[in-house]
Every structure is written in structure tokens, then in C-alpha cells.
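Subject: Handing over a structure

Dear colleague,

I am passing a structure on to you with this email, and below it I have written out what was found in it. Please keep it open beside the text while you read.

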Amino acid sequence: MSTQEVSRRQAWVMAARPQTLPAAAAPVVVGTGLAVGTGAFAPLPALAALIGALLIQIGTNFANDYYDAKSGVDSDDREGFTRVTQSGLIAPAEVRWAMIGTFALSILVGTYLVWVGGLPIVVIGLASVAAGILYAGGPYPLGSYGLGDLFVFVFFGLVAVTGTYYVQAAATAPPFPLRPPLGTLPVAAVVASLPAAALSTNILVVNNVRDLETDRAAGKRSLAVLIGYRWSRVEFLLLTGMAYAVPIVFWLAEDSPLALAPLLTLPYAARIARTVLTRAEGTALNPALERVGKLLAAHSALFALGLAIPGVLA
């Protein structure tokens, strides 16, 4: 479809990048699964965490679209999905205001979570919004200095999973605690966050391997530009290995075979890895990028079920 054939509604859907939303929903699903398994489940905080995570993801996508077009990182030579600002489908000012409005909505949703989770959620929420803007914007855009992978690993894995578990576990404590109440941040939540962190980061790895040459030409120093094709592919394999090692750790620690459910997706992961290890062009890596998103969704859903069911049956 040429840009002339894209309707305004379709352009806004493209700007929101629905293919990236599993990266926002998956850690909330895992954190909620763990909460169910440990008896900490609270539906309203879980729902608010999901809505907030989706809004921050969409706001980050708007910010990335706007700032990459403004800085010249997005060019006509780019092989990825159409960017609405760079292609002229939506005026830059409209994308910028959409970014501001979406982040404002996420803060509005976050006020309920602040009442439940207190000062720790204020810190996490403001840091998440700031990171979403600074990923591509500001004087030192994280994604242009090799820090994008770390940003995704931390905020779409560690923070999102442990934060989701925390707001549910803290729901039974007095409102607005100044520090995490005892028992609301178990080590298990941190370990359970690693697969979502790893597979979310792999979405960015595939994206940056695909864009390596155009990013280098534009002066963007993504981690893939800094370490090259070979080590980017090693990074992809290590992160994939982490995603499948953690369920085994839970199986050994909790003596629960259900924790191994994510291993059902291993053949699908192997097929994606074969593409990433051997191809660099957009025609191969665009589908691979979408498949990593589907892998993240499937892996997280199975992992959440494996964590939740023992608690339901107990």
C-alpha cells in the first residue's frame, strides 16, 4: 500500500504500532500470573497496570516516530515499517501532541496506582514516562547512544513485571506507603521478569540489525551499530537462552512442572533465530520482528499460567 492510499485512521494505527503492544502487555500478564500463584492477585491494580503499560508503549512509539523524523534518523532508505512523520502521513506537531496526550493519560491512570503503591510507584511511573521520551528525544537520546537495549530490558521487563506484582501485593496494605511494604517485592518477581525482559529486548535487537546500515549512515549509534552483526546475533541468542532458562529455574526451585510450559514455544523460537542469524534485509527481518512479538506473547501467557495454576489449585 502506497502512502497515498493510507487513510488518516490507518495512519494513526500505524503510528501506534500495534505489533509492539505485546511488549507492553506481556510483563503485566507475567506479574499477574505470579500474583495469582502467590495469593496476591488484585484485579483493579492489575487492570490499571495493563492500561498504563499500553499507554506508555504507545506514547513511546509516538515519541520515537516524531523524534527520529526530526533528527533525520528516519530516511527514505529505511527498510522498516512506515513512519508517519517521516513519510508525511501526519504532521509532526500532531504526532508530538499525540505523544504528550498519551503520556498524560498514562499519568492519570497512574494516580490510582500511586494511591495503592505509594512513593515507589511515583518514582517508577515518572521514570517510565521520562525514559519513553528520552529513548529518541532530548539532547542525549538513549536509542542513539547504544542504551536502547538496556532501556527496554529494564523498563519492559524488570520494572514492568515487578511493578505489576508490587501494586497487587501492596493493595492490602494502607494506601500510599512511602516504601514497599514487607513481602511485596519478592526475589521471585525479579527472576520471573527476566524472560519478558529478554524477549522484549530481542524485538529491538531484530529492529536494529535490520536498520544497522541506515542507522550508521544517519549517525545513530544503536547497540547493533556499535557491536556489529555478529555480536548482535550473539546478544539475540543469549537473551533467547535466558527466556528459556528461567522457567527451568522455577521448575527446580518450586518443584512445579507447569513452570516449564513456555518451553512449548521453543521450536518457534528456533525458527526465528535461524532467520535472525542468516538474514539482514527488511523483507526477512520485518516478519521476524513480528514473530518475536508473537513469541513474547505466547511465552509470557504460558509462563503466567504455569505460575498461576499451582496457586489456584492449592
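Arg 274 is found in helix α10, where helices are DSSP runs of H or I with at least four residues, strands are runs of E with at least two, and both are numbered from the N terminus. Please note that this is a predicted model, in which local features need pLDDT of at least 70 and side-chain atom pairs count only at pLDDT 80 or more, while totals for chains, interfaces and linings use all residues. Residues are numbered from 1 along each chain as its sequence is written, and side-chain values use heavy atoms, with hydrogens and water left out.

**The surface patches**

Arg 274 is exposed, at a relative accessible area of 54%; in this email, buried means under 20% relative accessible area, exposed means over 50%, and partly exposed is in between, with a 1.4 Å probe and protein chains only. Together with Arg 271, Arg 291 and Lys 294, Arg 274 forms a positive surface patch. The elements that give two or more residues to this positive patch are α10 (266–278) and α11 (282–313). Patches are made of residues with over 30% relative accessible area and no salt bridge, like charges being joined within 9 Å and nonpolar side chains (Val, Leu, Ile, Met, Phe, Trp, Tyr) within 5 Å. Lys and Arg count as positive and Asp and Glu as negative, while His and the chain ends are not counted, and the place of a charge is taken as NZ of Lys, CZ of Arg, CG of Asp or CD of Glu.

A nonpolar surface patch of about 470 Å² is made by Leu 258, Leu 305, Ile 309, Val 312 and Leu 313, with areas from the Shrake-Rupley method and a 1.4 Å probe, where for residues only the protein chains shown count as cover. Ile 309 lies in helix α11 and counts as partly exposed, at 32% relative accessibility.

**The salt bridges**

Side chains of opposite charge can pair when their charged atoms come close. The structure holds six salt bridges, each being a side-chain nitrogen of Lys or Arg within 4 Å of a carboxyl oxygen of Asp or Glu. One of them joins Lys 220 and Asp 68, at 3.9 Å from N to O. Lys 220 lies in the loop between α8 (212–218) and α9 (223–254), whereas Asp 68 lies in helix α3 (residues 43–71), so this pair ties together parts that are 152 residues apart in sequence. Lys 220 is buried at 7% relative accessibility, and Asp 68 is buried at 4%.

Arg 216 also forms a salt bridge, with Glu 213, and their closest N and O atoms are 3.3 Å apart. Both residues lie in helix α8, three residues apart, which is about one turn of the helix. Arg 216 is partly exposed at 43%, and Glu 213 is partly exposed at 42%. Salt bridges that share partners join Asp 68, Arg 83 and Lys 220 into one network.

**Two buried residues**

Asn 202, found in helix α7 (residues 187–210), is buried with a relative accessible area of 1%. The side chain of Asn 202 reaches the backbone oxygen of Phe 236 at 3.3 Å. Val 161, which lies in helix α6 (residues 148–169), is buried with a relative accessible area of 1%.

Conventions: Polar contact = N/O pair within 3.5 Å; in protein donor to acceptor, adjacent residues only side chain to side chain.
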